[in-house]
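Hi,

Here is the structure I promised to pass on to you.

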Amino acid sequence: MSHHIVEFKDVFFRYPDGTQALRGINFRITHGESVGVVGANGAGKSTLLQHMNGYLMPASGTVTIGDLLLTKKTRQEIRRKVGIVFQNPDDQLFMPTVFDDVAFGPLNLGMDEASVRERVCKALTMVNSLALQDKPPHHLSCGQKSAVAIAAVMAMEPDILAMDEPAANLDPKSRRSLITLLKTFKHSKIIASHDLDLILDVCGRCIVIGDGVVVADGPSAEILSDRALLEENSLELPLSLQRR
Amino acid sequence: MTFDEKYFDIGRLDRLSYGETFMHRLDPRAKVIGTMLFLLTVISFPKYEIAALVPFLLYPALLVAVGEIPVRFIVKKMIVVSPFAIFIGIFNPILDTRTAAVIYGVSVSAGWVSFLSILMKFALTISAALLLIATTSFSGVCHALRRLGVPALFVSQLLFLYRYLFVLMEETMRIIRAREMRSFGKRGTGLRVFARLIGILFLRTVDRAERVYYAMLSRGFQGDMPSLKRSRMVLPDLAFLSVMIASLWVFRFFPVTDGIGRIAQGLLR
Amino acid sequence: MHMADALLSPVVGTTLWAGTAAVSGYASRKLKREIDDRTIPLMGVLGAFIFAAQMVNFTIPGTGSSGHLGGGMTLAILLGPHAAFLVMASVLTVQALFFADGGLLALGCNIWNLGVYPCYLVYPFIYRPLVGGSKKPGRILFASVASVVLALQLGAFSVVMETLLSGKSELPFGAFVLMMQPIHLAIGIVEGFVTAGVINYVRSARPEILESLAVSRPMGADVSLKKVMMTFAVLAVITGGALSWFASTHPDGLEWSIEKITGKAELPEQEHGIAPALKTIQEKTAFLPDYNFRMGTDFKSVPKKEEAAPSWPGIDAGTSTAGIIGAAIVLGMIMLIGMGIRFFRRRESR
């Protein structure tokens with residue numbers, strides 16, 4: 001099924017202030033894969049993610065999502081396929097109630113009221129947050145907000161789910177719930193994170209980004225137990241693999 | 001009030017507004033219209049009117065009782081905003097010393113009468129405003145406003161403001177605490193620091209707006225805020241509004257207090 | 001300072017609300033056509049920012065007392081008049097609802113005083129000409145202080161006029177003005193400095209933000225002098241019409257207001273002497289037709305020593321004894337009702 005493929009070919013990107021964030025990114029993700037993206041701060045993880053739904057456009061090289069090549073014209077269409085969940089849920093939940101937030105996406109897709117309600121219920125149930133639907137986001141805890149943010153993205157039923165530091169602000173219990181939840185998703189998943197244990201748990205494949213290029217790409221079990229590789233890239237072995 | 005106090009104050013009122021009583025469940029449009037009519041009626045009384053205003057206290061009393069709003073909280077908020085009205089009003093007794101009446105041998109000046117009238121009107125109008133938000137969530141009020149004809153752009157504006165109000169207040173609180181920890185007494189709370197603080201807060205706000213915009217784009221935003229939920233006014237709402245309008249009419253145009261007083265005087269014979 | 005409901009009359013209140021509503025409609029229409037989508041979340045979040053910023057206090061140099069930011073001018077400079085007006089209006093609305101600062105009817109007046117003047121009058125006609133295209137901090141400081149001071153003076157003066165025309169306060173024009181204007185002059189100077197400080201800080205820290213904001217606001221802040229003057233003229237006509245209607249139905253009221261403005265301290269009927277005093281006794285007791293004699297015997301309140309009682313309508317139910325008794329009874333009833341409801345609800349929830 002070609003519409004679930006994500007392909008970056010020789011992607012270069014430079015920020016207006018001159019920072020060369022991506023210097024030739026190459027990888028290919030196929031349907032249903034779960035890929036972790038790791039690397040030092042400033043290595044280019046977030047920049048990479050922002051290319052996935054066309055918020056940023058490559059200076060050179062191509063980004064292909066499914067059958068579509070990323071251009072200014074196809075951006076809108078691509079946004080239906082790729083759902084991105086950001087680090088800070090407060091930036092993602094901008095409507096007065098949870099229901100409104102989760103409905104935002106489907107409404108923008110032009111769906112009718114009944115279908116929107118159905119999607120919202122489905123998405124909220126998926127993250128066990130249906131009871132929160134009439135609450136305003138600022139009454140929610142961090143964990144609840146993260147769950148709702150995911151629901152808000154899932155309500156659009158994207159083919160590909162991308163996440164930027166999903167567990168960063170979560171307490172251990174919420175983090176565990178998130179991991180369990182992610183394991184139930186059958187979509188293609190791309191997760192950028194410093195939480196190497198989460199990546200080990202959820203992602204079968206792992207890409208290491210260093211200085212704007214792909215430094216390593218392979219099964220997580222291998223990559224994340226390669227101490228030398230990790231330390232070269234300002235990382236460490238996942239805590240669960242570290243021996244006392 | 002200090003920043004912290006104001007923050008908790010708003011938070012408390014906000015949480016109250018999500019209650020589940022009969023008052024809370026009434027359609028926001030009914031409550032907004034009812035409140036505005038109430039306010040108009042109260043201020044339409046002439047300058048020296050006091051007794052006829054008393055029955056109007058029934059409205060805030062009912063809201064407080066049925067809505068289960070803590071009385072002390074509302075009264076405290078009223079006191080906090082009273083200075084301006086009191087300050088202007090207090091000139092009335094000072095300047096208007098004509099005697100209006102002599103009661104039990106004490107002569108009461110017209111100035112005091114009009115001042116008391118101002119205070120009564122103040123209590124009624126401020127409590128009505130506070131109780132509106134205490135029994136209706138802010139987003140409810142906004143949706144009511146939109147249904148009543150306020151431009152959609154402005155309503156979206158209000159909703160965003162509300163959404164990020166608490167976030168921004170928390171961020172500001174962090175900055176202020178940092179300022180407090182590094183300034184000793186009055187040094188450090190001067191203008192230059194303040195301007196810098198505001199500047200920093202502004203920049204952070206702009207960055208946040210950018211991220212929010214990105215989130216909106218990622219979920220398909222194309223310029224128009226989508227909306228849903230058309231609630232209809234049902235029987236309880238219409239009943240509430242009719243009772244309200246009828247009562248306002250009666251209390252405004254019939255000297256109820258006076259009548260009751262006369263009956264009582266008659267009975268005391 | 002914010003106008004309060006208690007000092008407002010329905011005529012003044014609704015007139016100002018009509019004016020504010022009209023301007024809001026205008027601003028929304030203009031903005032909708034001309035903005036970038038990113039301005040929508042920006043305006044909302046900036047509204048929250050202004051609200052939060054207004055809660056922060058700073059010490060005013062020299063006095064030691066604390067002051068707060070208004071923000072209208074800062075917003076107008078950063079966002080242009082239409083967006084700034086809507087943001088200010090939204091901030092004031094939230095304040096009116098959550099703090100009951102002023103009141104909901106007076107909100108129309110407050111948005112007018114604190115929104116229309118800085119955004120549509122002072123910003124386009126004072127600030128921009130003064131600044132030109134200059135980026136020099138000194139120029140900005142001068143323009144900011146001048147603009148904020150003027151905007152606040154206009155606002156303060158409006159509060160005076162609104163209070164006076166409402167007729168609930170005894171303050172004469174002169175005294176009122178003398179109180180309001182100097183205070184706001186001082187506040188204005190301080191806020192002008194802060195405004196300039198913020199603008200200059202932002203320019204030095206992240207100049208591109210000012211550029212991008214400028215791009216997303218309507219070209220040239222196109223507020224034409226002619227349109228503004230016409231609007232004010234229309235409003236004056238409406239206000240004049242409303243007031244003359246008011247005058248025709250309450251002749252004494254308007255006369256009184258005008259006298260307060262011009263400084264005449266006394267109403268023509270106010271003369272000392274027995275004749276007018278007796279006249280007014282009669283008028284008052286006639287109001288309680290069945291209780292003429294009782295008034296005299298039961299309450300010993302024979303008003304012999306009364307001076308120049310006003311013949312102005314209004315001193316009636318508020319001070320009559322029936323009124324007082326009635327008030328006490330009604331209050332008692334209301335409290336009983338309130339407590340009763342509370343009591344029964346508590347029992348239910350057990």
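This is a predicted model: local features need pLDDT of at least 70, side-chain atom pairs count only at pLDDT 80 or more; totals for chains, interfaces and linings use all residues.

Chain A has an open sheet of 6 strands with mixed pairing, and its order is S6-S7-S8-S3-S9-S10. The edges are taken by S6 (82-85) and S10 (213-219) of chain A; each has a single partner strand, so one side of each has no neighbour in the sheet. On average, neighbouring strands here are turned by 15° against each other, ignoring direction.

Within this sheet, S3 (residues 34-39) and S8 (residues 188-192) of chain A run parallel and are joined by 4 bridges. If you want a pair to look up, Gly36(A) has Ile191(A) as its bridge partner in S8(A).

Helix H1 of chain A, residues 45-52, packs on the sheet. This helix touches S3, S6, S7 (160-164), S8 and S9 (205-210) of chain A, and its direction makes about 150° with that of S7(A).

**Where chain C meets chain B**

Here 97 residues of chain C are in contact with 107 residues of chain B. Which element gives the largest share of the side of chain C that touches chain B? That is H13(C), with 16 residues. Elements that each supply at least two residues to this side include H1 (10-34), H7 (173-205) and H13 (321-348) of chain C, as well as the strand S1 (58-59) of chain C. Sorted by class, the side of chain C that touches chain B has 59 nonpolar, 25 polar and 13 charged residues.

Best wishes

Conventions:
Residues are numbered from 1 along each chain as its sequence is written. Chains are lettered from A and ligands numbered from 1 in the order in which they are written. Two strands pair if DSSP finds at least two bridges between them. Axes are lines fitted to C-alpha atoms, for helices over the stretch in contact, and angles run from 0 to 180 degrees between N-to-C directions. Two residues are in contact if their C-beta atoms, placed from the backbone, lie within 7 Å. Ala, Val, Leu, Ile, Met, Phe, Trp, Tyr, Cys and Pro count as nonpolar, Asp, Glu, Lys and Arg as charged, and the others, Gly among them, as polar.
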